[in-house]
Amino acid sequence: MERDWPGAGEGEAAGTRVWEGKDPSGKLAGMTIAAQTNPGLTAAEVAERVKAGQVNNLPPRSGRTTWDIVRANVFTRINFLLMALFILVLSTGSIVNALFGFLIIFNAGIGIVQELRAKRTLDNLAVVGEGKPLVRRDGLARQLHREEVVLDDLIEVGPGDQIIVDGQMIEASYLEVDESLLTGESDPMLKEPGDAVMSGSFVVAGVGAFRATRVGAESFAAQLTAEASRFSLVKSELQTGINQILRLITWLLVPVGAATVWVQWTRNQGTWQDRVLAIGGALVPMVPEGLVLLTSLAFAVGVVRLGQRNVLVQELPAIEGLARVDVVCADKTGTLTENGLRFGELEVLTGDERHVRAVLAQLAGADPRPNASVQALAHALPQDGPSWVVTAMAPFTSAKKWSGMSFEGEGHWVLGAPDVLGTQGSAAAERAEEVGSTGRRVLLLGEADIAVDAADAPGRVTPRALVVLEQKVRPEARATLAYFAEQNVAVKVISGDNATSVAAVTGSLGVDTGDVVDARTLPDDPEEFAQRVESARVFGRVTPHQKRQMVAALQSKGHNVAMTGDGVNDVLAIKDSDLGVAMGSGAAATRAVAQLVLLDDSFATLPYVVAEGRRVIGNIERVANFFLTKTMYSILLALLVALWLLPFPFVPIHISFVGWFTIGIPASILALAPNAERARPGFLRRVMTFSLPSGLVVAVTTFIAYLLVLPAAGADAAQATQSSTAALLTLMVAGAWVMVVTARPYEWWKVLMILACGLMAFLVIFWLPYQVPGWIAAWPFLARFDPQLDPSNAALMGTGATAGLIAAVLIETIWWLSGRLTGQHRSLWRRAEGQS
C-alpha cells in the first residue's frame, strides 16, 4: 500500500490518510508540509544501508532455526544412551534384540518432521498476521515488512500502531504513546519532536513519524520477537512436571543401572553375549524415550491443527493455557459484533440539521486516523465545501471516551459518549439511554465553551445532536457463547460502550446478562472489586486500566482468564491475562502482545481453539501415565533382580514386545485423540499417584512370578527360556491393564485399539514361537531374529498368567483409589456421559 504526498485517496481509513486541514498555528504539524521537509530516505540511501547490513534483521518468527530443531531431536542424552546400548547389543550378533535401536531414528524423524511442520505453519501465519509499518521513502509512504526497515527510515504511526524499532520523534500531532509494557508507567506519555520512542510501546492517540535509530539485534524489538513468538516449551506447570519426572528417573537410573551392570556381568553364568543381552534387557526400558517425543509431538500437531483454522500460536505454552481457561473476557466490539459500523440516523437536539451535518462532515474529514465510528460518519456524510481551519484537536482515547476539534470561526466541537459529555438526567442523556437499550451505539455531538485541547476540556458542553450507529452482531457469536456455557466456561462481556447497549447486544445472543454493571460504579476496595467482577457478567464504560484490573481480580480468585480483543484499549489486559487472544484485523500492538491471533477474525474459532488445548494437555497426561509406569517398573524390577543376585529374565526383544503392545502403540494413538476435559492443576500429583504404585505392582508381581518359575541351578537353556516366557506373560498382562485403565472412558475406537494390541501380544507369545523353528529351517539367516520364547510349559505359563491377573486386579484398585484422591474419575465419567 502506498500513497502520494500531499493528499490521500478515499477509503484509506486504516491508517494512511493525511492531514488535510489548514494549520496556521503549526501546532498540528500539518503532515503535508512535513512530508515535503521530511521525505524520508531515498532509494540510493536505502541501498547503502542494506549493503552495510543496517537492516532490521529479526530472529525466526518461530524462535528456532531448522538446525536448532534437528539438533534438539538428534543430539539428546536419551538418544546417546540408546545408541550406546544399541551398539553393545548389536555386537552380540542378535539383530532382533537390537531392534530397539531403530527407536532413535523413529523418534528423531517424527520429532523433526512435526516440529518443522509447526515451524513452517508459524512462520507462514506470522507473515500474514504481523503488522506492517508505514515507511516514508522518497516522499511516498508504503507498508513494508518489518525486515525491510533500515536504519534512519522514517516510520509513520497512529492509534493502535506498535513502535517496531527504537527511534526519535520527527513529527508529532497530539501523539500519546503507552510504554507500560516497558516501564510499568500506566499513563500514556505525550511525545513531541525530539523525544525518544522504544520498540515494544504502542500509540494510543494522535499521529506522528519517527526516525529509526536502532534496528535489528540492537533494538528491543529483536528481544521482543524472540520472547513473544518462540516455538519452545517455556516454563509451565506441564513442562515443570515433566522435568521433575525426568529428574527423578535420572537419579534412580544411575545407581540401579550401575548395580544391574555389576550383577549381570559378575553373577550371570552365561556367555558374554548372554550377559550383554541381559544388561540391555534391564537398561533399555528404563529410558523414557517416548515421554519427551510424544509431548513435543502433541504440541507440534496442536500448532499445525490450529494453523489450519487460521490461528497463529505466538507462544507455545498458550496451548496449555487453552486447556485451563475457565473465564473468557470478551470485548463486545470486534468480538461479539463485527468491526465495521454503519451510520444509522441523526437526531438533532438543538440548532439547524444542515449545520450539524456539516460539523460532523468536517470532524470526519479532518481526522488523520479515524476510528470505526468516524469512518462510518465520513462514508455517510461526505464533506461539502472547503475544509475549515482547525486550531486545536483532541484525539479519541478509550480513557476519556471523546474526541474533538476547534475550528477557526466555527466553535469547539466534541463527539463521544453521551453519559460522559452530557449531563446526567438530561433529556439528551435519557434519549441516548433509550436508543442504546436497543443495542445500537449512540454518540453525542456537542459544542464546548473552551478549546478542545485545554487542560480542563471539554468544559461545559451544549448537546446538539445524537448520532446513532448500527453494529452487526457476528452470526457465529450465539453458538460460540452457548458452547462456553456447556463447557462451564464463564463469559464476561467487557466494553467501553454504554452498559445498556452492551447488555442489549449480549442479551440478543441468548445470554442471561444478570446485573449489568457500569464500570464507573465499581468499588475501589480490591476485594470488593474482585467480588463484583466475579459475580457480574456484563460491564460497560470500562477503561483500559479497568480491563487490566478485572483480569487481575479474576486471577486473584483462582480463575484462568482468557482475554479477547482487537483494539489498542485491550493491549494491557491481553498482556496480563493467562491467554491473550487478538483478532487478525485488530491493532498491530494488540496482535503483538497476544499469545493467539485469530487471523480470520472468527469468534467461532474459539471453541476449536479451546478443544485443541484440552486435547493436547489431557493426552499428554495420559502419555505420562504410560511412560512413568513403564520406567518405574523397569527400574524396580532391575533393582529386585540385582538384590537377589539373579540373571535378568528378559532380553531386549522381550522388552520391545511389551513396549510396543502395551505402551508405544496405544500411547501414540491416545496422544493425538480427542479429549474435551478441562485441564486442572496438579498434573504431577495425579500422574505420580497412579504411576508410582502401579509401577511397583507390575515390578513386584513380575519378580514373584519369575521366582516361582525360576529353574533350578544347572537347568538347560530351554528351561530358562520357558521361565522367561512365563515371567514375560505376567509383565505383558500387567502392562496391558495399565493401558486398559488409562484409556478410560471407553469409546469404540479405544476398545478396538485395546483388542488389537491384546491380539498382537497373544500372537507374539503363543503363536510366533511355534512358527520360528520352521522359518529358520527354511531360511537359516533368520536365526539372528529368534525371539527366544517358549510357551510350551503349561504349568509355568499358568503361574505367569495368574500373577498377571493379580497385578491387573491391584492396578484396577490403584486406579480407583487414585481417582478418588484426585477427583479424576468424576470428571472422566461426566465427560463420557456428555459425549454419549
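Reader: What makes Asp 331 and Ala 573 count as residues that Lys 547 touches?

Author: Contact means heavy atoms within 4.5 Å. Leaving aside residues up to four places away in sequence, Lys 547 touches Asp 331, Ile 494, Val 542, Met 563, Asn 569, Asp 570 and Ala 573. The model is predicted: local features need pLDDT of at least 70 and side-chain atom pairs pLDDT 80 or more, while totals for chains, interfaces and linings use all residues. Residues are numbered from 1 along each chain as its sequence is written, and side-chain values use heavy atoms, without hydrogens and water.

Reader: What makes strands E10 and E17 a pair, and in which sense do they pair?

Author: Two strands pair if DSSP finds at least two bridges between them. Strand E10 (residues 327-331) and strand E17 (residues 490-494) have 5 bridges, in the parallel sense. Val 327 stands opposite Ala 490 in E17.

Reader: Why do strands E9 and E18 stand at the edges of the sheet?

Author: The open sheet has 8 strands in the order E9-E22-E21-E20-E10-E17-E19-E18, with mixed pairing. E9 (311-313) and E18 (517-518) each have a single partner strand, so one side of each is left without a neighbour in the sheet.

Reader: How are H25 and H26 oriented to each other, and why?

Author: Helix H25 (residues 717-742) and helix H26 (residues 748-766) pack at about 175°, with axes 11 Å apart. Axes are lines fitted to C-alpha atoms, for helices over the stretch in contact, and angles run from 0 to 180 degrees between N-to-C directions. Under 35 degrees counts as roughly parallel, over 145 as roughly antiparallel, 65 to 115 as roughly perpendicular and the rest as oblique. H25 and H26 are therefore roughly antiparallel.

Reader: How are H16 and H22 oriented, and why?

Author: The axes of helix H16 (residues 477-486) and helix H22 (residues 605-643) come within 8 Å and cross at roughly 30°. H16 and H22 are therefore roughly parallel to each other. Among the residues making the contact are Tyr 483 of H16 and Val 610 of H22.

Methods: Helices (H or I, at least four residues) and strands (E, at least two) are DSSP runs, numbered from the N terminus.
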